[in-house]
Number of protein chains: 2
Amino acid sequence: MASPVPGLDEHLERLIRDVPDFPKPGVVFKDISPLLADHDGLSAVVAGLAAAGVADDGTVVDKVVGIEARGFILAAPVALELGAGFVPVRKAGKLPGLTHQVAYELEYGEAVLELHQDAIHAGERVLVIDDVLATGGTVAAARSLVEKCGGVVAGVAVLMELAFLHGRAALPGLSVTALRSITAT
Amino acid sequence: MASPVPGLDEHLERLIRDVPDFPKPGVVFKDISPLLADHDGLSAVVAGLAAAGVADDGTVVDKVVGIEARGFILAAPVALELGAGFVPVRKAGKLPGLTHQVAYELEYGEAVLELHQDAIHAGERVLVIDDVLATGGTVAAARSLVEKCGGVVAGVAVLMELAFLHGRAALPGLSVTALRSITAT
């Protein structure tokens with residue numbers, strides 16, 4: 001959780017705001033909009049996430065996957081910073097052409113995520129990016145999609161982890177980087 | 001339409017693919033996924049779009065607005081390149097807290113876009129980014145949202161313009177930059 005990016009922790013502390021009762025009564029939503037609107041804050045977050053795409057031996061991932069929709073905002077600049085390509089994981093019905101599909105559980109019912117079959121080539125190393133790690137269901141679905149393409153998830157990086165939901169338990173064997181950990185509701 | 005970014009036109013020519021009959025029979029969808037997955041292609045596109053955020057006198061916009069969802073992928077890196085903040089325009093119900101709302105017409109029925117009321121301050125100069133300019137309804141709604149905040153739309157920049165749909169007619173008085181113009185269905 002320690003960050004090598006100067007000022008990152010201060011930006012995260014100052015620019016994530018609590019919005020009570022969203023999306024429903026009793027839930028406190030962690031809104032990253034002020035962080036995204038702050039150039040220095042966004043730069044620091046991108047640098048922090050991009051660090052997760054470089055292995056100890058200096059190997060850089062080939063692709064950065066962003067999960068719709070807030071994951072797109074972070075993953076595209078991370079891909080550019082790393083010299084990698086950007087690949088979207090989207091909700092069902094949005095991607096034209098041949099896709100892999102994975103269903104995952106939501107609080108009520110289930111949803112389907114898709115990835116283009118040709119978006120990731122066999123053996124490519126992939127960094128999966130989202131804004132929040134909650135129960136881990138979405139990221140686990142993204143992992144499964146990458147693996148259906150023959151890719152290898154080299155790491156997962158999120159801006160915030162809701163640690164009290166134990167999302168890492170849904171991601172066995174994966175390296176997960178969270179720039180900020182929220183330990184209580 | 002001329003581009004000062006080396007290699008941009010070649011990337012656009014090579015990396016946008018036609019997918020027939022998506023999202024419905026008879027429509028040819030212009031899929032930018034191969035472009036996003038190509039680091040050099042994405043870099044060139046971001047540079048091309050970012051140029052629209054700098055006025056002739058060198059003034060740079062304060063904020064870059066990205067329209068959900070593909071607009072996010074392009075707008076966030078453009079904001080970083082320009083030293084500006086990133087602001088999302090989202091579909092109804094996604095943004096927590098106080099928002100402005102604008103309804104706009106779709107082919108069947110209408111949809112609502114939202115923008116945080118505090119996302120753009122009075123007098124700030126804004127670049128609006130989306131992947132495609134079609135009829136112009138979405139971008140016109142985004143313009144209206146920016147103006148409700150007291151902001152000024154300094155420009156609109158899109159990757160592709162479906163010129164045969166005459167979207168610029170919905171954006172009177174605005175400077176519109178399209179990296180690629182599609183002149184026929």
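## Salt bridges between the chains

A salt bridge is counted here when a side-chain nitrogen of Lys or Arg lies within 4 Å of a carboxyl oxygen of Asp or Glu. In this predicted model, that rule finds 2 salt bridges across the interface of chain A and chain B. Arg17(A) and Asp118(B) meet through their side chains in a salt bridge, with an N to O distance of 2.7 Å.

Polar contacts also link the two chains: 10 residue pairs, both members at pLDDT 80 or more, are counted between chain A and chain B. On the side of chain A that touches chain B, at least two residues each come from strand 1 (17–20), strand 2 (28–31), helix 2 (33–36), helix 3 (39–50), helix 4 (70–82) and strand 4 (85–91). Helix 4 gives the largest share, 7 residues. By class, this side of chain A has 19 nonpolar, 8 polar and 10 charged residues.

## Extent of the interface

In total, 37 residues of chain A are in contact with 37 residues of chain B. The area buried between the two chains is about 2,800 Å², and carbon and sulfur atoms give 66% of it. Within chain A, the residues that lose the most area to chain B are His39(A), Leu80(A) and Pro96(A), together 21% of what that side buries.

Val126(A) belongs to strand 7 (residues 125–133) of chain A. Val126(A) has a relative accessible area of 0% and is therefore buried, the cut-off being under 20%.

Beyond its neighbours within four places in sequence, Val126(A) is in contact with several residues, among them Val61(A), Lys63(A), Ile120(A), Val146(A) and Gly155(A). The C-alpha atoms of Val126(A) and Gly173(A), which are 47 residues apart along the chain, are separated by 14 Å.

Terms used. Residues numbered from 1 in each chain as written. Chains lettered and ligands numbered in written order. Predicted model: local features only at pLDDT ≥ 70, side-chain atom pairs only at ≥ 80, totals over all residues. Heavy atoms only, no water. Contact = heavy atoms within 4.5 Å. Buried area = accessible area lost by both parts, 1.4 Å probe. Polar contact = N/O pair within 3.5 Å; in protein donor to acceptor, adjacent residues only side chain to side chain. Helix = DSSP H or I, 4+ residues; strand = E, 2+ residues; numbered from the N terminus. Nonpolar A, V, L, I, M, F, W, Y, C, P; charged D, E, K, R; others polar. Buried < 20%, exposed > 50% of the residue type's maximum accessible area, 1.4 Å probe, protein only.
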